[in-house]
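Let's take a walk through this one, piece by piece. Have the coordinates open and follow along.

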Amino acid sequence: MAHAVRIIMLGRQGAGKGTQCVRLADEFGAPHISTGEMLRAAVRKDSALGRAVKAVLDKGELVNDELMISLVQGRIGEEDARMSGYILDGFPRTVAQAQAFDHISEVRPTDLVIDLEVKRDLVLSRLSSRRTCEQCQANYVATGAESSPWTCEKCGGTVVQRADDTPEAINHRLDLYDAMTSPLISYYKDQNKLAVVDGLGTPDEVFARLRTAVAGIKNR
Ligand SMILES: [Zn+2]
């Protein structure tokens, strides 16, 4: 049986993480676990939990550690992740979350932590022009020439700017990221699990670098 691949993907929002995680998941046969998508799914259900999460996300804040950890613990305990590993996207965000994750994943520890590196001013301009289909969550890049309302090419849904994609919310998230997530880089570097991958270039170029980094796991 092929060895499961357990990867944590770090990087600023807008670094192209989501796209690359989908490709890695496809390449290595491991589920892409996006905590952002799990939270948005909870919001769409409009449960008490979903409404609480929505209030936090609309302000550009982070959901508290306890909730995030239990959410992720439940997901990595599912059969696909136990058998095939995971490409974990959006978690951990803090050293406290990373320590908790080390504890809950002790039996099947993470193989590799990738820092997908893209400069802050570049991700800010990418995120400000991002538009998302309300229905299927497909992402688009606004050029200013779009008709209004903008219809999704994939499902016919309405394409909008997400409430958490305004410049204010984006800047706030990037500040939080720099302050809270950057220490994770040192944390994983000390564990000898970190690979820094340049996120600049075409999706194919970036993916080739990521594949090389993951192939390096097997040479340890
Ligand atoms: Zn759509």
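Strand β5 (residues 130-133) runs antiparallel to β6, and 3 bridges join the two. Strands here are DSSP E runs of at least two residues, helices are H or I runs of at least four, both numbered from the N terminus, and two strands pair if DSSP finds at least two bridges between them. Within this pair, R130 sits opposite V141 of β6. Zoom out and you get an open sheet of 4 strands, ordered β6-β5-β8-β7 with antiparallel pairing. Its edges are β6 (139-141) and β7 (150-151), each pairing on one side only.

A word on provenance: this is a predicted model, where local features need pLDDT of at least 70 and side-chain atom pairs pLDDT 80 or more, while totals for chains, interfaces and linings use all residues. Numbering starts from 1 along each chain as its sequence is written, and side-chain values use heavy atoms, leaving out hydrogens and water.

Now for the zinc ion. Its protein donors (N, O or S atoms within 2.8 Å of the metal, or 3.2 Å for Na, K and Ca; water is not among the atoms, so sites may look incomplete) are the SG atoms of C133, C136, C152 and C155, lying 2.3 Å from the ion. In sequence, these donor residues follow the spacing C-x2-C-x15-C-x2-C. The 4 donor atoms subtend angles of 100 to 117 degrees, so the arrangement is tetrahedral (for four donors, all angles between 85 and 135 degrees). C152 is buried, at 4% relative accessible area, whereas C155 is partly exposed at 33% (buried is under 20%, exposed over 50%, partly exposed in between, with a 1.4 Å probe and protein chains only).

Note on methods:
Four donors count as tetrahedral if all angles lie between 85 and 135 degrees; four count as square planar and six as octahedral if opposite donors are over 155 degrees apart and all others between 65 and 115; anything else is irregular.
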